[in-house]
Amino acid sequence: MAQFGFENDIQGILKLDMPITNAPMARWQRKASTSTSSALPSPGKSVNLSLTTSKTPSKTPGKNKKCTPSKVGGDRFIPIRNGQQLDVASFLLTKENEPLDANNPALENQKAWSVSLNGYAVEEAKILHLGGKPLNAPEGYQNNLKVLYSQVTPSSVKKTRYISSVPDRILDAPELRNDFYLNLLDWSSRNLLAVALHDNVYLWDATRGEITLLMKMEREEDYITSVSWTKEGNYLAIGTSDFKVQLWDVENQKRLRSMTSHTARVGSLSWNDHILSSASRSGHIHHHDVRVANHHIYTLEGHTQEVCGLEWSPDGRYLASGGNDNMVYVWPGLGEGGVGNESQSLHCWSEHQGAVKALAWCPWQPNILASGGGTSDRHIRVWNVNSGSCISALDTQSQISSLVFAPNYKELVSGHGYAHNNVVIWKYPSLTKVAELAGHEDRVLNLALSPDGSTVATVAGDETVRLWKSFELDPIKKKATRMMKSTSSVIHQTIR
């Protein structure tokens, strides 16, 4: 039986060398059968390339050229493969799906005969074979081809910015009054930071690092209760405990006027162009036109206790106020004649359960107002002024003393007192926590944002001012959002 198996193997291998009878006709045979009357042109004679029998001219412009016989090693590469390789490859394609018996001795015999006759094993036969390693580029080689495509980072691997948990700078603030209802910090558009320390107002130049004493109260028992810069940053309004509002020319360090209209300390101030709004412990809000001698033009009545929060909207259409009576009011803007459009408030919200000092308008959505409650409330509430509804509310588990929107990354920053005494950055509008800045040893009283929006300043009862550089843009975005130069003041030549 082994003999018959061996003979079958011999016959199978010999069949590989036999001509293929059912193969398609070769190209040269098909060409010879279809063009029996045509003959190859001899060198030096013109050739008519038109093979059709139509009336097309026999001589085509530009085609009447001499045809030279092809030389050996021409410009076209025609691969030449061994016929045995094609036969073996065909055999492998027809037999690749058949199960193989590894213990079959016929396989070893086939391999031995294939190596002897063909020079290679049947299993290793390939029509195309690439061998060797690719050559390395020579030293100093540079690819001058333009890059058309670059790798795109998946959205799930987005690069997040680094927020330091340590302040960029710490300034001493001795004799700072630890009073929740006062507003003792403000940052001007000219990069000057105003800080009220008991009966003094100091200016810190954030560009040059210089400190200047702007003013000092005449009587020792009096103290500063609030500070607020004009939009242009050249005038500073100062509220005092002796019921007055002072207006100072910072460049010349000169007091321009002292306005009296309140009957209690002035704890909050806010500017709207040439209109200065001030609020006092009596609950009254006064509008002052600083261009005229009779500055007091209007009074808003609604709060029953001290007004500790006061903010004009960026477009000047609304004035928001918060007080110790746990109320939030939204008042209309002023008419052309300098009087109020309405004597009543547009909205009156009583959802907070604690004093409302923290108020902030959204710079990119002028109809959005954020408010924060005191120790008994601890909630951040976001309001839509157009509809009068509360969009969202968040329990921060800590007293909220100040709020400010950070436009560089569209975030909301909150300053807290009891019991965390920290600063928290929230993503707007989801109000998810982005970062927590801890370091103050006492409650945070006020927040102020730098003119370029990159740094937030915090002042606390531990008598320190800390600067947190948490919103700095990368160089590309910084060029696109370059701060515009401050314009000349509207009230420059009309103040008395």
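Predicted model: local features only at pLDDT ≥ 70, side-chain atom pairs only at ≥ 80, totals over all residues.
A salt bridge is a side-chain nitrogen of Lys or Arg within 4 Å of a carboxyl oxygen of Asp or Glu.

**Salt bridges**

By this rule the protein holds 13 salt bridges.

| Asp 222 | Arg 219 | 2.8 Å |

Asp 377 and Arg 381 are both buried. Arg 466 and Asp 462 are likewise both buried. Elsewhere, salt bridges with shared partners link Asp 179, Arg 265, Arg 281 and Glu 306 into one network.

Asp 222, at 6% relative accessibility, counts as buried, because buried means under 20%.

**Overall composition**

The protein has 496 residues, of which 42% count as buried. Its secondary structure comprises five helices and 28 strands. Considering contacts between residues at least 6 apart in sequence, 48% join residues at least 24 apart. The protein exposes about 30400 Å², and carbon and sulfur atoms supply 51% of that area.

**The largest nonpolar core**

The largest nonpolar core has 33 residues, and those touching the most other members are Leu 193, Leu 236 and Ile 238. Strand E3, residues 192-197, gives the most to this core, with six residues.

What does Leu 236 touch, leaving aside residues up to four places away in sequence? Its contacts include the nonpolar residues Ala 194, Val 201, Leu 203, Leu 214 and Val 227.

**A four-stranded sheet**

Four strands form an open sheet in the order E14-E15-E16-E17, and their pairing is antiparallel. At its edges lie strand E14 (307-312) and strand E17 (347-349), each of which pairs on one side only. On average, neighbouring strands of this sheet are turned by 15 degrees against each other, direction ignored.

Within the sheet, strand E15 (residues 318-323) is joined to strand E16 (residues 328-332) by five bridges in the antiparallel sense. Ala 320 stands opposite Val 330 in E16.

**The hairpin of E18 and E19**

Strands E18 and E19 form a hairpin, with six residues between them. The two strands run antiparallel and are joined by five bridges, strand E19 covering residues 368-373. Across the pair, Leu 359 stands opposite Ser 371 in E19.

Is strand E18 mostly covered or mostly uncovered? Strand E18, residues 356-361, is mostly covered, as six of its six residues are buried.

Methods. Residues numbered from 1 in each chain as written. Heavy atoms only, no water. Pairing = 2+ DSSP bridges. Axes fitted to C-alpha atoms, helices over the stretch in contact; angles between N-to-C directions. Core = buried A, V, L, I, M, F, W, Y, C linked by side-chain atoms within 4.5 Å. Buried < 20%, exposed > 50% of the residue type's maximum accessible area, 1.4 Å probe, protein only. Contact = heavy atoms within 4.5 Å. Areas by Shrake-Rupley, 256 points an atom, 1.4 Å probe, with all protein chains shown as cover.
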